Amino acid sequence: MKGIIFAELVRFMEEARSPAFADAVIRQAAVPSDGAYGVAGDYPSAGALPLGGIAAGRAGRLADGQCVLFGRHLFRRFTILYPFIIDSYRTAEELLTHVGSHIHADVCVLYPDARPPQVSLMRSGGKSIVTYSSYRPMAMIALGLVQQCMDHFGDSRMVMCEIANKGRQATFVLEDRPTEIAA
């Protein structure tokens with residue numbers, strides 16, 4: 001897994017709690033790098049799971065909820081780190097349509113050994129369906145990324161999600177919110 005994800009996970013813990021909190025999580029997880037992640041480095045993805053689980057436990061949250069919050073944080077950071085990519089899209093659906101063919105393809109050019117998740121979007125019956133598949137169990141982070149992408153572009157549709165294969169696969173259905181009927 002690319003170091004930027006680990007570096008942002010540490011940043012997320014520091015911002016959400018404190019640098020001392022992040023240090024305590026890193027010490028307890030006993031990750032081989034001692035929490036020193038270069039953004040261009042490559043690290044075993046198995047190291048992220050203990051960090052996330054320990055951080056969730058110490059924060060008194062469920063791990064899935066913490067992963068969604070981290071996914072939201074990650075998208076916000078991408079808008080700062082890669083505005084030229086995010087700003088090249090006009091809508092959330094346009095960006096989500098091109099994650100696999102543009103963004104992840106570029107990652108593979110820069111890092112030939114990268115194994116980004118497979119993400120695709122199709123339209124069906126007025127709904128947009130985003131499928132996510134990865135060898136890593138990070139579908140809840142993907143959910144946070146999708147939710148924050150929708151918020152960033154002002155897309156008010158609901159994101160319904162179904163997680164499968166122990167978090168390695170997910171289907172996100174983007175659909176209009178039901179209209180409320182006044183009584």
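**View 1. Buried residues of helix α2 in the predicted model.** In this predicted model, helix α2 (residues 19–29) has Phe 21, Ala 22, Ala 24, Val 25, Ile 26 and Ala 29 as buried residues, where buried means under 20% relative accessible area, with a 1.4 Å probe and protein chains only. An α-helix has 3.6 residues a turn, so residues three or four places apart point the same way. Ala 30, which follows α2, has a positive phi near 50°. Helices here are DSSP runs of H or I with at least four residues, strands are runs of E with at least two, and both are numbered from the N terminus.

**View 2. The crossing of helices α1 and α4.** Helix α1 (residues 3–16) and helix α4 (residues 63–81) have axes that come within 10 Å and cross at roughly 110°, the axes being lines fitted to C-alpha atoms over the stretch in contact, with angles running from 0 to 180 degrees between N-to-C directions. That makes α1 roughly perpendicular to α4, a term that covers angles of 65 to 115 degrees. In the contact (heavy atoms within 4.5 Å), α1 contributes Ile 4, Ile 5, Glu 8, Leu 9, Arg 11, Phe 12 and Glu 15, and α4 contributes Gln 66, Leu 69, Phe 70, His 73, Leu 74, Arg 77, Phe 78 and Leu 81. By class, the residues of this contact are 9 nonpolar, 2 polar and 4 charged.

**View 3. The packing of helices α4 and α8.** Helix α8 (residues 139–152) packs against α4 at an angle of about 45°, and the two axes are 7 Å apart. The helices α4 and α8 are therefore oblique to each other. On the α4 side, the residues that meet α8 include Cys 67, Val 68, Gly 71 and Phe 75, while those of α8 that meet α4 include Met 140, Ile 141, Leu 145 and Cys 149. The contact of α4 with α8 holds 11 nonpolar, 6 polar and 4 charged residues.

**View 4. The protein as a whole.** The protein has 8 helices and 4 strands, which follow the pattern α-α-α-α-α-α-α-β-β-α-β-β along the sequence. Of its 183 residues, 44% count as buried.

**Notes.** Residues are numbered from 1 along each chain as its sequence is written, and side-chain values use heavy atoms, with hydrogens and water left out. Because the model is predicted, local features need pLDDT of at least 70 and side-chain atom pairs count only at pLDDT 80 or more, whereas totals for chains, interfaces and linings use all residues.

How values were computed
Angles under 35 degrees count as roughly parallel, over 145 as roughly antiparallel, 65 to 115 as roughly perpendicular and the rest as oblique. Ala, Val, Leu, Ile, Met, Phe, Trp, Tyr, Cys and Pro count as nonpolar, Asp, Glu, Lys and Arg as charged, and the others, Gly among them, as polar. Buried means under 20% relative accessible area, exposed over 50%, partly exposed in between (1.4 Å probe, protein chains only).
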